[in-house]
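Please keep the view open as you read.

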Amino acid sequence: MKKVLSLFILAIVGLGCSSNDNEEVNNTPSFDRSAILVNWADNIIIPSYENYTAKVTTLSEKAATFTQTPDETGLAELRTAWFDAYVAYQYVALYDFGKASLLYLKLSANTYPTDVAGIEANIASGSYNLGTQIQFSRQGFPAIDYLIYGTGTDSEIIASYSNQATADYLNAIVNQLKTIAEQVTNDWNGTYRDTYVNNNSTSVSSSINITTNNFIKNFEKDVRSGKVGIPAGIFSNGVTYADKVEAYYKNDVSKTLLAAGIKAQQDFFNGKAFNGTTTGASLKSALNVVGAVRNGENLSAIINNQFGTINTAVSELNESFSDQITQDNNKMLTAYDAMQQNVVYLKLDMMQALNITIDYVDGDGD
């Protein structure tokens, strides 16, 4: 009887120890959130915004010069500055939080297709508030695209700026880009940088969670869907929209803008410095720390390999997405499918591995 009682007591003690161990011991490796945030802020996000602000400042200067004395040289320089700033924008579109979200940087900079009738109405009336929602599709890079490429031949475009209202409108929408860019960049270089880095918890409102969600949302909604899926007819039962491509009026840089957007995504994933070749703490390194795998292969390698597949598919596209859609839309669909696969890897596999919650709703039905 004593022997049975002793065994019973040992069993109870053993069960108690096992329960406590399960509750208190967590063998899952944790990644260094602070190191990632410092790398993101100092080496990627702030330099990207500084570059963008410099480019839109140049754009503002070229617009002012051209509208004062419209000629072929001024138009050529204005167009170059527009394109350079548009490429720079692709590298800040990922960070739609903080001051950028409050000032609607993305919506005011790159809502397309642009509202031509609305632009002409604004010019005719001379009265408009660019801070209102209805005006988002009447400003930004797509509206500038229309005003410097879409109103006729080069001679006709130059002549149109003899109308002071047209000149004033171009300067107004360019300066809107510049003003917003300056405010966001100044905020990052002020107190927001430290606020961002110090918000290193695991909560849904932490900087890691907010930034990662914006990274994936930009890739899914703006790069995959906006640049490719919507014009290629993915969400309209195969009905294509060659007029809904990015930079429709210039018409031969949509591929370049897409490639820049994808590069910005992959560089961010790998923690690559904006102004250099070095890499730091990142989503890639976090996945490696936690040992994330899919079918026996490192998840970070799978994601980077898929970026390679995406780049190959994009390289097959025409410089003009309007022409590509009209001539062989299957190549657009192939590029979309390649991007969609990485949406799965990033949005499902990566987020689960890093224990980060998706904070936005996908309305595309995919």
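## How the helices are compared

Each axis here is a line fitted to C-alpha atoms, for helices over the stretch in contact, and angles run from 0 to 180 degrees between N-to-C directions. Please bear in mind that this is a predicted model.

## Helix 2 and helix 9

Start with helix 2 (residues 33–68) and helix 9 (residues 164–198): their axes come within 9 Å and cross at roughly 160°. Angles over 145 degrees count as roughly antiparallel, and helix 2 and helix 9 are therefore roughly antiparallel to each other. Their crossing is left-handed. The contact of helix 2 with helix 9 has 21 nonpolar, eight polar and five charged residues.

## Helix 13 and helix 14

Now turn to helix 13 (residues 299–315) and helix 14 (residues 321–353), whose axes come within 8 Å, with a crossing angle of roughly 165°. Helix 13 and helix 14 are therefore roughly antiparallel to each other, and their crossing is left-handed.

Which residues meet here? On the helix 13 side they include L299, I302, F307 and A313, and on the helix 14 side they include T334, M339, Y345 and M350. By class, the residues of this contact divide into twelve nonpolar, five polar and one charged.

## The nonpolar core

The largest nonpolar core has 102 residues, and those with the most contacts inside it are Y52, F141 and M350.

For Y52, leaving aside residues up to four places away in sequence, the residues touched include A85, Y89, L105, F141 and L177.

Note on methods:
Residues are numbered from 1 along each chain as its sequence is written. This is a predicted model: local features need pLDDT of at least 70, side-chain atom pairs count only at pLDDT 80 or more; totals for chains, interfaces and linings use all residues. Side-chain values use heavy atoms; hydrogens and water are left out. Helices (H or I, at least four residues) and strands (E, at least two) are DSSP runs, numbered from the N terminus. Angles under 35 degrees count as roughly parallel, over 145 as roughly antiparallel, 65 to 115 as roughly perpendicular and the rest as oblique. A crossing is left-handed if the near helix is turned anticlockwise from the far one by less than a right angle, and right-handed if clockwise. Ala, Val, Leu, Ile, Met, Phe, Trp, Tyr, Cys and Pro count as nonpolar, Asp, Glu, Lys and Arg as charged, and the others, Gly among them, as polar. A nonpolar core is a set of buried Ala, Val, Leu, Ile, Met, Phe, Trp, Tyr and Cys residues joined through side-chain atoms within 4.5 Å. Buried means under 20% relative accessible area, exposed over 50%, partly exposed in between (1.4 Å probe, protein chains only). Contact means heavy atoms within 4.5 Å.
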